[in-house]
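Visitor: Please take me through this model feature by feature, giving the general idea before each case.

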Amino acid sequence: MLHLDFSNNSFSRGLSHFLCDVNETYTMFFLHLGGNQLSGEIPNCWMKWPSLIYLNLGNNILSGSIPNSIRFLEELRSLNLYNNRISGQIPFSMLDCTRLVKIDLADNGLDGSVPTWMGTSLTNLRILILRSNNLSGEISPNICHLNFLQILDLSDNNIFGTIPKCFNNFTAMTAERFLVEYDNEQELTEVPNFVESASIATKGTELQYNTILRLVTNIDLSKNNLSGDIPRELTSLVELRSLNLSGNHFTGLIPASIGDMKQLESLDLSRNYLFGEMPNSFRVMSTLNYLNVSYNQLTGKIPESTQIGGFNASSFIGNDDLCGPPLTSSCSTSAGPNMNREDNNHQSDDEHYKIEWFYVFVSLGYAVGLFVFCTTLVLNKAWRETYFEFLEETWNRVYVYFYIKWRKLTKSSD
């Protein structure tokens with residue numbers, strides 16, 4: 001038996017009895033036990049299955065860690081352990097599975113970082129899906145050695161740091177010629193009469209791809225703790241169909257060359273800290289049918305095009321200084337929707353400046369008057385004598401007045 005497909009049934013309990021209780025090795029290429037209710041740990045006896053090309057244990061209730069004996073699956077092309085309760089780190093022993101084309105470990109409890117050795121040992125990878133785990137650490141530049149990578153999904157983890165600028169080394173996302181040649185090759189996993197499939201989040205929803213999976217290009221880094229600028233090198237991925245960077249801490253401007261990504265169908269940059277204006281190159285992105293830049297700090301006028309005009313206003317909300325269709329806030333000038341508020345601010349600022357200048361002139365006038373008066377006294381002897389006589393007489397009057405008052409008070413007290 002070369003193929004065994006017991007997927008989408010109601011099998012339960014553990015796998016050890018089925019996979020390990022034999023004294024010989026199996027010559028089997030295809031093993032699909034996904035979509036059941038299998039529980040317990042993944043057995044550590046994969047040395048008995050050295051011929052496997054396709055392994056799917058997804059959509060079960062399996063727990064524990066990925067066993068080290070997986071290193072014996074040297075012929076494995078597709079590893080699918082998604083939607084289980086698997087924990088621990090991605091084992092170092094997996095680097096011996098050098099023929100892997102697809103890894104889907106989504107929706108588990110894996111921790112640690114994305115292994116740096118993946119980029120240097122699993123160079124045939126086309127699909128890497130690690131979403132919805134507990135992965136942390138930074139994205140190593142070693143991942144850029146995966147020239148054939150078409151789908152990279154690291155979403156919904158705790159990954160931090162910046163996006164490596166070497167992402168433009170993903171040749172499968174930069175060259176149309178590469179995808180055409182791949183389309184004429186065998187199926188993804190080279191298993192006869194079987195079409196590989198994968199669940200991919202794009203265009204604001206999760207879609208299942210199968211027959212056209214080999215033509216899909218997708219990068220999803222959403223719901224992490226990534227920061228820094230969106231690297232300009234990312235826009236050189238001209239064959240990328242879907243890019244999701246939402247729910248991170250990205251800052252800076254949207255790259256002006258974003259319009260070079262002419263095959264992009266879905267772009268989500270929402271819930272970051274991007275600022276500045278939306279680049280005018282958005283106007284030439286004719287294939288874009290999903291766009292979300294909401295809840296950033298973008299300003300200015302939304303670029304006008306038939307494509308962008310068709311998007312809902314919810315794609316742009318949460319940017320207080322963004323204006324123009326499809327938003328209801330109009331752009332009276334290039335300054336944006338807060339022009340009236342800014343005018344009021346300018347008016348109050350002008351009034352404030354006027355008040356400040358009033359006190360400046362009053363003080364200046366007092367100083368000039370005092371200077372003229374003192375100068376006159378110094379230069380004119382008659383005026384000076386008259387002024388000091390006046391002061392002396394005034395002082396004597398005041399002194400006498402208060403002295404008499406004081407004497408009267410003391411007499412009455414006696």
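**Reading the features**

Visitor: Where does F92 fall on the accessibility scale, buried or exposed?

Guide: F92 is exposed, with a relative accessible area of 56%, where exposed means over 50%, buried under 20% and partly exposed anything in between, using a 1.4 Å probe and protein chains only. W117, by contrast, is buried at 12%. This is a predicted model, in which local features need pLDDT of at least 70 and side-chain atom pairs pLDDT 80 or more, whereas totals for chains, interfaces and linings use all residues. Residues are numbered from 1 along each chain as its sequence is written, and side-chain values use heavy atoms, with hydrogens and water left out.

Visitor: Which residues have the most contacts inside the largest nonpolar core?

Guide: In soluble globular proteins, nonpolar side chains tend to be buried together. The largest core here has 82 residues, and those with the most contacts inside it are L31, W46, M94, F167, F170 and F316; a core is a set of buried Ala, Val, Leu, Ile, Met, Phe, Trp, Tyr and Cys residues joined through side-chain atoms within 4.5 Å. Helix 1 (16-20) and helix 2 are the elements that give two or more residues to this core. Leaving aside neighbours within four places in sequence, W46 is in contact (heavy atoms within 4.5 Å) with residues including L19, L31, L52, P67 and F72. A second, separate core of nine residues includes A106, I129, I200 and V216.

Visitor: Over which ring does the charged end of R271 sit?

Guide: A charge sits over a ring when NZ of Lys or CZ of Arg is within 6 Å of the ring centre and within 35 degrees of the ring normal. The charged end of R271 sits over the ring of Y295, 4.6 Å from its centre, and R126 lies over the face of F148, at 5.4 Å from the ring centre. R271 is placed in the loop between strand 20 (266-268) and strand 21, counts as exposed at 53% relative accessibility, and has a positive phi of about 55 degrees although it is not a glycine.

Visitor: Which residues does S281 contact outside its sequence neighbourhood?

Guide: Setting aside neighbours within four places in sequence, S281 contacts A256, S257, I258 and G259. The backbone nitrogen of G259 lies 3.1 Å from a polar atom of the S281 side chain. S281 itself is buried at 18%, in the loop between strand 21 (273-277) and strand 22 (290-292).

Visitor: In what order do the strands of the open sheet run?

Guide: Strands pair if DSSP finds at least two bridges between them. Six strands form an open sheet in the order 13-17-19-21-23-24, with parallel pairing. Strand 13 and strand 24 stand at the edges with a single partner strand each, so one side of each is left without a neighbour in the sheet. Two bridges join strand 13 (residues 160-161) to strand 17, where L226 is the bridge partner of G161. Two bridges likewise join strand 17 to strand 19 (residues 249-252), and S227 stands opposite H249 in strand 19.

Methods. Helices (H or I, at least four residues) and strands (E, at least two) are DSSP runs, numbered from the N terminus. A polar contact is a pair of N or O atoms within 3.5 Å; within protein, one must be able to donate a hydrogen and the other to accept it, and residues adjacent in sequence count only if both atoms are side-chain atoms.
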